[in-house]
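I opened the model to look up its cavities, its cores and its charged pairs. My entries follow in the order I made them.

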Amino acid sequence: MARTAKQKPPPAPPADSMPRRVEPCVATLVDKPPKGSDWAFEVKWDGYRLAVHVEAGEVRATTRGGYDWTKKFGAIVAEARELGHSSMIIDGEAVVLDDQGRSDFGLLQRAVGRKPSLHEPNEIIFYAFDLLYLDGRDLRALPLSERRQFLEPIVAGRTGAIRFSEEVHADGAEFFQVACEMGLEGIIAKRRDKPYHSGRRPEWLKIKCARRDWFVIVGYEPSTVPGGIGRLLLAARKGNSLVYVGGCGTGWSNKESVELRKVLDAIPASRPPVALKRKGAIFSEPLLVAQVEYRAWTQDGKLRHPSFKGVKQRDDSELSLFSMDADAGSRHGVPK
């Protein structure tokens, strides 16, 4: 009886080529969290979006815009080499945490920049939230839940420069409320069952915490449009003085801009109400207040992403609205 030839095992499938760059999936801004068990929720980190590429002989940190910032994130790159895999693309956010564990974009800018900072570059943390490629396999076609299953054992439990961005198991609306009360920038919602697609996508949503307060108008910078305002100059009260908290350049119509400039021109200040040297600034008496929506305070005491919502005459009975905590200029103090 003839002997049959021994069957050879089927060849291993060819490895997926590792892309040099993956354009990131970007969350769509919405007003409120979605409902349903299909959604996973995470903290919205306030930092620089990064993709960490690990391959033979090379580790790179690439920004959302495709820039190579490997040298700026040395501690992250060094730790990525020790994660135990030959090739990976990890999607996440580089942040610096304040003394209450909240990501602070101003602190991050100083840590990666040239300005003197209390925070060193090695204090930058990379929160990993997605895994796009692993050991020769492109994972982008898998649903988020499966990609996270690959990512979690690689980075979960680490306390160094690379950490796992944990999913928060809670109702979206309740989590959002708690996040805002804690002074966080907001939350992210992601569909568990969807693959990874580049660009702005409806399966990733961001819900931002907005703050709204009244600030003293101390002047303006003219607009390039004749008769209009380019930026309102705003102040808050600290002790018995007014302190400049930044300019606001959005939120009004052309008609409102022209009308507001006429009002401010009718109450010119004999001297600047705040210590501010700014070319082209036109100061007014601090008789009006603007309601402004903003995201947070920068490290140097300026409003982040302010948007004008309304104006009224200043009432001395409301002066407490403009007083600032001692730490407001350097952290997340909110005018009271």
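How do the residues of the lining of the second largest cavity divide into nonpolar, polar and charged? I count 2 nonpolar, 3 polar and 5 charged. My classes: Ala, Val, Leu, Ile, Met, Phe, Trp, Tyr, Cys and Pro are nonpolar, Asp, Glu, Lys and Arg are charged, and the others, Gly among them, are polar.

Ground rules next. This is a predicted model, so I take local features only at pLDDT of at least 70 and side-chain atom pairs only at pLDDT 80 or more, while totals for chains, interfaces and linings use all residues. Residues are numbered from 1 along each chain as its sequence is written, and side-chain values use heavy atoms, with hydrogens and water left out.

**Cavities**

I treat a cavity as a set of points, on a 1 Å grid over the protein atoms alone, where a 1.4 Å probe fits but cannot get out; lining residues have an atom within 4 Å of a point. Points are joined across faces, edges and corners, and the volume is the space filled by probe spheres set on them. I find 3 cavities of 30 Å³ or more.

Strand 3 gives the largest share, 4 residues. I number helices (H or I, at least four residues) and strands (E, at least two) as DSSP runs from the N terminus.

The second largest cavity has a volume of about 80 Å³. It is lined by 10 residues, with Asp46, Ser103, Gly183, Leu184 and Glu185 nearest its centre.

**Cores**

I define a nonpolar core as buried Ala, Val, Leu, Ile, Met, Phe, Trp, Tyr and Cys residues joined through side-chain atoms within 4.5 Å. Buried is under 20% relative accessible area, exposed over 50%, partly exposed in between (1.4 Å probe, protein chains only).

The largest core has 33 residues, and Phe73, Ile76, Ile90 and Ile124 have the most contacts inside it. Helix 2 (105-112) is among the elements that each supply at least two residues. The largest share, 5 residues, comes from helix 2. Another core, of 20 residues, lies apart from it and includes Ile229, Leu264, Trp297 and Phe308.

I then checked Ile90. Leaving out residues up to four places away in sequence, Ile90 touches several residues, among them Leu50, Val52, Phe126 and Leu151. Contact here means heavy atoms within 4.5 Å.

**Salt bridges**

Which residue pairs with Glu42 in a salt bridge? Lys190 does, with the closest N and O atoms 3.0 Å apart. My cut-off is a side-chain nitrogen of Lys or Arg within 4 Å of a carboxyl oxygen of Asp or Glu. Glu42 is in strand 2 and Lys190 in strand 9, 148 residues apart. Both are buried.

Asp46 and Arg304 meet at 2.5 Å, N to O. They are 258 residues apart. Asp46 is buried at 10% relative accessible area, and Arg304 is buried at 14%.

Glu221 and Arg278 meet at 2.3 Å. Glu221 lies in strand 11 and Arg278 in the loop between helix 5 and strand 14, so the pair ties together parts 57 residues apart in sequence. Glu221 is buried at 13%, whereas Arg278 is partly exposed at 38%.

Last entry: Arg20, Glu55, Glu58 and Arg60 are linked in a network of salt bridges. The structure holds 20 salt bridges.

Methods:
1 Å grid on protein atoms, 1.4 Å probe; cavity = no way out; pocket = protein on both sides within 12 Å on 5 of 7 lines; lining within 4 Å.
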